[in-house]
Amino acid sequence: MLRPVPRDTWGGDSPAVDVTADLESGAVLLFPNLAFDVHVNERAYFSPSIAVAKNVSFDPASGRLGGVAHADEALTAMLRRFSDAAAALVGAAFPPYAGRLQRARASFRPAEIAGRQTTWRHDDTRLHIDSFPATPVQGRRILRVFTNVNPEGRPRSWRIGEPFEAVASRFGNQLKMPAPFSASLLRLARITKSHRSPYDALMLQLHDRMKADMAYQSNVAQEAVDFPAGSTWVVFTDAVSHAAMAGQYQLEQTFLLPVDAMRQPARSPLRVLERIKGRPLV
Ligand code: SIN
Ligand code: FE
């Protein structure tokens, strides 16, 4: 499930071996020596108090920061530099996706994960697949680039669980099709920023069913993985079951990918759930 890739530059040439098929098959691609260069003046932001929310977010389209008390030029510049680096990486590493990856938000995660108090639904130390309540993806894949920028050399510790097909068939009959008009009501109430498709509704339920099931959390086949400080990893987090157990200071960039841009669209959560439900979901 962990596929090391020997690459230590963000941009540049595409790899001799195409790793896109591994990525689509549910591997976590690990770039062990691909570090992000934090500038000396940016060290001042390495404190949990920099964020008023859980994370600092950055919207590359508008250049705006979220989750901070005040707009800050140098912090914005750091996130922009990371966002551009992540875009260069996916551009170089996945030639089949050229021109199809859509850059969404980036984040800086300054809080220690271990021991954080949250509700079960927000508790990312429980195995889950990613699904966004407020920003529906309408079937598109969620591809994320993570870099551990811990200044003390501490790893980010994850657990990785069973493949998406197994998760979907285990919980499939607990997933209920959303009521007609529910998507319009969510949109009207501004709970969602765009139309929540049946696919998005089912993925949110799947996320919740996994997290709510404590027997599943402890009994399902899983593996602990430590991502070293100074490493980068890339994963489809809508399909790979993951839990973040410990670690502090991480950068992350999200990309969305239309299913028809995949080499193996049949492996997408959209197509897997459509097979189980026997109907189109977007
Ligand atoms: C998550 O997506 O569950 C959190 C990943 C992380 O912050 O390491
Ligand atoms: Fe997650």
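This is a predicted model: local features need pLDDT of at least 70, side-chain atom pairs count only at pLDDT 80 or more; totals for chains, interfaces and linings use all residues.

Q: What volume does the largest pocket have?
A: The volume of the largest pocket is about 1,500 Å³. On a 1 Å grid over the protein atoms alone, a pocket is an open set of points with protein on both sides within 12 Å along at least five of seven lines, a cavity is a set of points where a 1.4 Å probe fits but cannot get out, and lining residues have an atom within 4 Å of a point. Grid points are joined across faces, edges and corners, and a volume is the space filled by probe spheres set on the points.

Q: Which residues lie nearest its centre?
A: Among the 48 lining residues of the largest pocket, Asn55, Arg109, Phe132, Pro133 and Arg144 lie nearest its centre. Strand 5 gives the largest share of this lining, 7 residues. Helices (H or I, at least four residues) and strands (E, at least two) are DSSP runs, numbered from the N terminus.

Q: Now the cavities: how many of 30 Å³ or more are there?
A: The structure holds 2 of them. The largest cavity has about 50 Å³ of space, and its lining includes Ile113, Arg116 and His122.

Q: Which element gives the second one the largest share of its lining?
A: Helix 5 does, with 3 residues. Tyr199, Asp200 and Met203 are among the residues lining the second largest cavity.

Q: And at what angle do helix 5 and helix 7 pack?
A: Helix 5 (residues 198-212) and helix 7 (residues 269-277) pack at about 90°, with their axes 11 Å apart. Helix 5 is therefore roughly perpendicular to helix 7 (65 to 115 degrees). Axes are lines fitted to C-alpha atoms, for helices over the stretch in contact, and angles run from 0 to 180 degrees between N-to-C directions.

Q: Which residues make the contact?
A: Tyr199, Leu202 and Met203 of helix 5 meet Pro269, Leu270, Leu273 and Lys277 of helix 7, where contact means heavy atoms within 4.5 Å.

Note on methods: Residues are numbered from 1 along each chain as its sequence is written. Chains are lettered from A and ligands numbered from 1 in the order in which they are written. Side-chain values use heavy atoms; hydrogens and water are left out. Angles under 35 degrees count as roughly parallel, over 145 as roughly antiparallel, 65 to 115 as roughly perpendicular and the rest as oblique.
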